[in-house]
Amino acid sequence: MRIDVVSIFPDYLAALDLSLIGKAREDGLLDVAVHDLRDFTHDRHRTVDDTPYGGGAGMVMKAQPWSEALDHVVAQGHAAGLPGGRPHLVVPGPGGTPFTQALARQLADEPWLAFACGRYEGIDERVYEYAREDLGLEVSVISLGDYVLNGGEVAVLAMVEAVGRLIPGVIGNAESLVEESHEDGLLEYPIYTKPQQWKGREVPPVLLSGNHAAIAAWRHDQRLARTAARRPDLLHPSHGDADLDVRLAT
Ligand code: ADE
């Protein structure tokens with residue numbers, strides 16, 4: 001999979017060199033390119049923002065550097081002979097569709113993702129139109145959760161990690177993907193390792209019983225109880241976001 005990230009803080013994305021994602025890059029499973037939005041400005045101050053039309057607090061990211069950055073991402077990808085022709089453009093923002101495991105799975109099927117990290121109050125709306133209409137990109141605005149970050153970079157780190165680990169070969173033991181929280185709508189059961197007794201606390205005896213059916217039943221009960229306590233919305237999906245599709249997320 002090819003991933004492009006455009007940001008005014010490219011150093012933020014240095015974490016993508018580390019751990020499993022860094023290893024996936026070394027192994028050629030992920031090709032990540034980070035671009036500095038300011039490289040696409042033409043003034044002495046490398047200006048990327050300006051005041052909002054209609055007034056209001058804060059600054060808005062200008063359309064011109066963004067359009068040139070996106071042109072560059074698309075042209076560079078084509079020069080590299082990327083499959084699929086065009087990236088799916090993801091713009092992280094608190095006003096987007098909630099990011100879920102289901103959405104991560106959809107994005108993991110794409111051959112090419114481009115992330116546009118907004119800062120300040122966001123990006124001039126015409127950039128979204130340009131990306132869709134002139135560049136022919138699919139554009140999705142995606143939120144990490146119902147809180148406000150200072151920019152999209154932290155959200156991109158989270159999304160690339162969640163998506164990247166779903167790419168075949170990135171996680172050594174594919175079984176560990178199946179048993180995780182959110183893969184089947186329930187949270188994970190509690191886990192224990194040696195020693196059997198620690199600070200006066202015992203491992204639940206069923207886990208030492210060797211009775212695989214009893215262990216599976218205990219784990220399922222624990223998952224249900226945890227989900228009911230921490231995330232009752234998951235047990236009543238009509239109140240959740242399980243049915244949202246990334247293709248509506250613009
Ligand atoms: N940028 C600012 N807040 C965000 C959020 N909650 N999710 C994704 N990107 C953001």
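Which residues is Leu-144 in contact with, leaving aside its neighbours within four places in sequence? I looked this up in what is a predicted model, and found that Leu-144, with those neighbours set aside, is in contact with Pro-92, Phe-99, Ala-155 and Ala-158.

I then placed the residue: Leu-144 sits in the loop between S7 and helix H5 (153–164), and I note it as buried because it has 20 C-beta neighbours inside 10 Å, where 20 or more is the cut-off for that class.

Next I turned to the ligand. Among the residues around the ligand I listed Pro-92, Leu-144, Gly-145 and Ala-155, and by type the shell divides into seven nonpolar, five polar and no charged residues. Strand S5 (residues 88–98) gives the largest share of this shell, with three residues.

I also checked the record: the UniProt annotation "binding site", from an unreviewed entry, covers Gly-118, Leu-144, Gly-145, Asp-146, Tyr-147, Val-148 and Leu-149.

Last, I traced the sheet, which is open and has five strands in the order S2-S1-S6-S5-S7 with parallel pairing. Strand S2 (31–36) and strand S7 (138–143) are its edge strands, each pairing on one side only, and the twist from one strand to the next averages 30°. S5 and S7 run parallel and are joined by seven bridges, and I noted that Thr-97 stands opposite Ile-142 in S7.

Note on methods. Residues numbered from 1 in each chain as written. Predicted model: local features only at pLDDT ≥ 70, side-chain atom pairs only at ≥ 80, totals over all residues. Near = placed C-beta within 6 Å. Helix = DSSP H or I, 4+ residues; strand = E, 2+ residues; numbered from the N terminus. Nonpolar A, V, L, I, M, F, W, Y, C, P; charged D, E, K, R; others polar. Pairing = 2+ DSSP bridges. Axes fitted to C-alpha atoms, helices over the stretch in contact; angles between N-to-C directions. UniProt positions renumbered as here; feature names shortened; annotations may be inferred. Buried ≥ 20, exposed ≤ 12 C-beta atoms within 10 Å, placed from the backbone. Contact = placed C-beta atoms within 7 Å.
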